[in-house]
Amino acid sequence: MDKMQPETILDSPVERALHRALAAAICNAAPAAAPELSIATLMDRNVLTVHAEDPVARVEAVLNNHHLTSIPVMGSNDAIIGMISSQELLAFNAEKRNPNAVRVWEICRVEHFEASADASVAELAKLMLDQHIEHIAVTEGGVLHGVVAAIDLYAALAARA
């Protein structure tokens, strides 16, 4: 299986800077600008997942085939255990490791990847900004309910402006 090329798995530096700037603006303006927005209404409930024991090669294929840059990682008990994104895959591929020999759980993000559906838009934006991530899993008690992407957050706020 071909490894993902950096240009297919990472946004440009300009796009990343724009995401950070917008997230910072949301942190400051969200409570006043969009008090009616909730994470539950922003999240995508139709979410693809991968299993922690899947090889990294499968994750690369799923992300490429579905034009995604991040995907939740599920454990053996069907609870979410992390997220894997283009950031982790880029670092993985830079190490020139075998994507068929390494399991997803070995490289996925296991901290700062989730929020509850009752989190505020400002809290979500701050988490994205602080952790330099663009997707947050929406969970309750380890159960995945959806994913919020930074671009969806920006679009919802822009539509209300």
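Helix axes here are lines fitted to C-alpha atoms over the stretch in contact, and angles run from 0 to 180 degrees between N-to-C directions. The model is predicted.

**Helix pair H4 and H5**

- Helix H4 spans residues 56-66, and helix H5 spans residues 86-94.
- Their axes come within 12 Å and cross at roughly 130°.
- H4 is therefore oblique to H5, since angles over 145 would count as roughly antiparallel and 65 to 115 as roughly perpendicular.
- The crossing of the two helices is left-handed.
- On the H4 side, Val56, Val59, Glu60 and Leu63 make the contact.
- H5 contributes Leu89, Phe92 and Asn93.
- By class, this contact comprises 5 nonpolar, 1 polar and 1 charged residues.

**Cavity**

- The structure has 1 cavity of 30 Å³ or more.
- The volume of the largest cavity is about 140 Å³.
- Its lining consists of 14 residues.
- Closest to the cavity centre are Ser70, Ser85, Ile133, Glu134 and His135.
- The lining of the largest cavity divides into 4 nonpolar, 6 polar and 4 charged residues.

Definitions and conventions. Residues numbered from 1 in each chain as written. Predicted model: local features only at pLDDT ≥ 70, side-chain atom pairs only at ≥ 80, totals over all residues. Heavy atoms only, no water. Helix = DSSP H or I, 4+ residues; strand = E, 2+ residues; numbered from the N terminus. Parallel < 35°, antiparallel > 145°, perpendicular 65-115°, else oblique. Left-handed = near helix turned anticlockwise from the far one by under 90°. Contact = heavy atoms within 4.5 Å. Nonpolar A, V, L, I, M, F, W, Y, C, P; charged D, E, K, R; others polar. 1 Å grid on protein atoms, 1.4 Å probe; cavity = no way out; pocket = protein on both sides within 12 Å on 5 of 7 lines; lining within 4 Å. Points joined across faces, edges and corners; volume = space filled by probe spheres on them.
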